Amino acid sequence: MSGQGAVGGGQGWDALSQASHWDAKTRELVLDRVHNVPPIRFFTAEEARTLRAFCDVVTAQDGEPRIEVLNYVDEKMFEGRLDGFQYADMPDDRDVWRQVARHLDDEAGGSYADAAPELQRAICSLFADGRLDWELPVDKAWKVVTRGILSCFYAHPYAWNEIGFPGPAYPRGYSALGVDGREQWEPKE
Amino acid sequence: MKPRANDSAFLLDPHRRGVPGVERMRRYRDEDEVDLLIVGCGAGGGVLAQRLARRGWRVVVLEEGPFWDPDRDWVSDEAGSHALYWTRKRIIGGGDPVEMGKNNSGRGVGGSMTHFAGYAPRFHPSDFETKTREGVGADWPISYWDLKEHYEELERELPVAGQHWPWGDPHRYPHGPHPVGGAAECAWRGARNCGIEMRMGPVAITNGQFGNRPHCIYRGFCLEGCKVNAKASPLITHVPDALEHGAEVRADSMAVRVEIDDSSGRVTGVTYIHDGRERFQRAAAVAVAGYSIETPRLLLNSTSARFPNGLANNNDQVGRYLMVQGASQLAARFPEKLRMYKAPPPEVSSEQFYETDESRGFARGFSIQTVSPLPIGWAEHVIAEGHWGADLRRHMADYNHWSVLGMLCELLPLPDNRVTLADEPDDYGMPVARVDYTQCDNDRANIAYAKRVLREIWENAGAEEIFSIDRYAHLVGGCRMGFSPEDSVVDADHRAWEVPNLFITDGSVCPTQGSANPALTIMALASRLAERLDSGRARAGNGSFAAVARG
């Protein structure tokens, strides 16, 4: 891997190798997630360019294979699958994402996507620490976008491989529950 | 141990998870004046429907969400379970806003219990009289002893598994304790090392075959809807028996107004949206069971000449005294592989700190429970510690070495923690709820103390690194029961003080919350209400079911 780079290495495990053990409904959902990456329909091309770069910085993705986090975020926004709450001093989550895109470009002096990786990370660091002066509360905006990013990134089997999570577990279940317990088919050390 | 009057577990199909007989379910017409119309098919509404249908009442339940079929609708996947949560917008404000959605709000037949972790403890006797005992919170107009037999019956119906319970009113459970996974083992070791007692359970998960419900398979997806039919929710514990006895559960039906006859001051039925069309179901009485946000929202939206500020709200009590529990979580890293995704997240818990101990410097207390988030939930812990980018990926790759403990701090009922209506309408044209929440000093002291105890447990377990995240869990209050129209919305029989044939039968009636997960208590309250309605004790009736409910 170059740096963190490609997703999925480390534990020598491929969650998808177990797909035949999953129930049909779950298998269909997860394989569709992997093989049919949704197109960008909610964000403009310009917003998507900025936000894709930002998603890659937050998830340290700079190689292949990669998880197209923004496409999954876009699908949620497009379909209005939001999380069920909005802070009183914040706009709708969909507007938060758009405003964040605009502010990231401003912070980068034009285009966040075209900025040097060091500058991208420096801006992200200020954002994470709430040390940017935007018209919306920066700490809450960080929570909105990172919640969206993480819920898409760690929904993907490549990310499961990297953390040693076997993925769906129905109908097989588990039997080796104790400390250092491992099912025969589970990731080895 | 077979429940006395609930065949749900035996009515289920051993080979399919969906509720049999949905297509054959009795149907009522909108023009039929049913004996009782219930809004919401969760812990409160589901139990009330089952109890009264069995006693011959003509019952319809309106449920906003779908009639779930776990085989067809649910997945063994964290991100794919979004539809289980009530994710319609709520505006959150106050000094300590409470995040909603997947954490505390459900939809569909079975309600939030379809995705609750599974902990099913009872309240303690002290919870019903905190004002008298300790000068904080509120007294209930009923006591623990009014609910005890209902707790026992529901523990048989769910069923609840656990060790002998030494706290509160000590009791046993019908199913023995589940085995403990590696992550919970570490927590228990730490607790033992610093003199804190923990017990396995109590969890509403079958340990062994129960009717046609199979044994738990320990796959860890309790919060994503149990595809096994091992974890309890009203969908499988009460709805099958309700249907068998002629109740109708009308899914995909969003109640938007409880209607009232302004001359008599009595409720006449509920206006609801089904398939995009507004309809009106007539009823002799209405029981609202939409939980602590949607119940106040529905009442506040039901305005009339007699109730210009919302139904049953002429004393400005609807929506007040909303409560959540302080539910910070502390995670700890160990050298061994713990694989916390295995086994149910709810495993062992402690109520040793539940009651007031004056030496701590605050009133009331907290409980301690294992949690065990799946990867997306775990990522929220990691980013809350300030890790992103390469740092985030590195910490996440360590997932299998972590164990997580949560706490449930009893936060006190305060009048300004409340549900109101925001200006913004939802898809149905109904104003969305605004939820304001601010902690008091006692709350802050309780949470800070509990976090120190959790840290002590992890340090005594040999943790190499500890993460901490602040959050809330559960909802109760918002339409509390009390002693007079000036201090509450409903009386001891869940009847609105201001409307004789309107009942509220969900967690919103609770005047206090203890440090217990509320599901079992909500069910027990509904069970008690059913018994009182049917026997006419709630208000002397003239013989017919409808007359009893009508008051």
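In chain A, D93(A), V96(A), W97(A) and V100(A) of α4(A) meet A141(A), V144(A) and V145(A) of α6(A); contact here takes C-beta atoms, placed from the backbone, within 7 Å. By class, that contact has six nonpolar, no polar and one charged residues. The classes work like this: Ala, Val, Leu, Ile, Met, Phe, Trp, Tyr, Cys and Pro are nonpolar, Asp, Glu, Lys and Arg are charged, and the others, Gly among them, are polar.

This is a predicted model, where local features need pLDDT of at least 70 and side-chain atom pairs count only at pLDDT 80 or more, while totals for chains, interfaces and linings use all residues. Residues are numbered from 1 along each chain as its sequence is written, with chains lettered from A and ligands numbered from 1 in the order in which they are written.

**Chain A on its own**
- Chain A has seven helices and one strand, counted as DSSP runs (helices H or I, at least four residues; strands E, at least two) and numbered from the N terminus.
- The order from the N terminus is α-α-α-β-α-α-α-α.
- Helix α4 of chain A covers residues 93–107, and its axis comes within 10 Å of the α6(A) axis, crossing at roughly 105°. Axes are lines fitted to C-alpha atoms, for helices over the stretch in contact, with angles from 0 to 180 degrees between N-to-C directions.

**Where A meets B**
- 43 residues of chain A are in contact with 54 residues of chain B.
- On the chain A side, α1(A) brings the largest share, four residues.
- That side of chain A is made up of 24 nonpolar, 12 polar and seven charged residues.
- β1(A) pairs with β3(B) in the parallel sense over two bridges; pairing needs at least two DSSP bridges.
- Y87(A) has I92(B) as its bridge partner in β3(B).

**Around E99(B)**
- E99(B) sits in the loop between β3 (90–93) and α4 (130–134) of chain B.
- Leaving out residues up to four places away in sequence, E99(B) touches F85(A) and I92(B).
- E99(B) counts as partly exposed because it has 19 C-beta neighbours inside 10 Å; buried takes 20 or more other C-beta atoms within 10 Å, exposed 12 or fewer, and partly exposed is in between, with C-beta atoms placed from the backbone.
- A473(B) is 374 residues from E99(B) along the chain, yet their C-alpha atoms are separated by 9.2 Å.

Conventions: Two residues are in contact if their C-beta atoms, placed from the backbone, lie within 7 Å.
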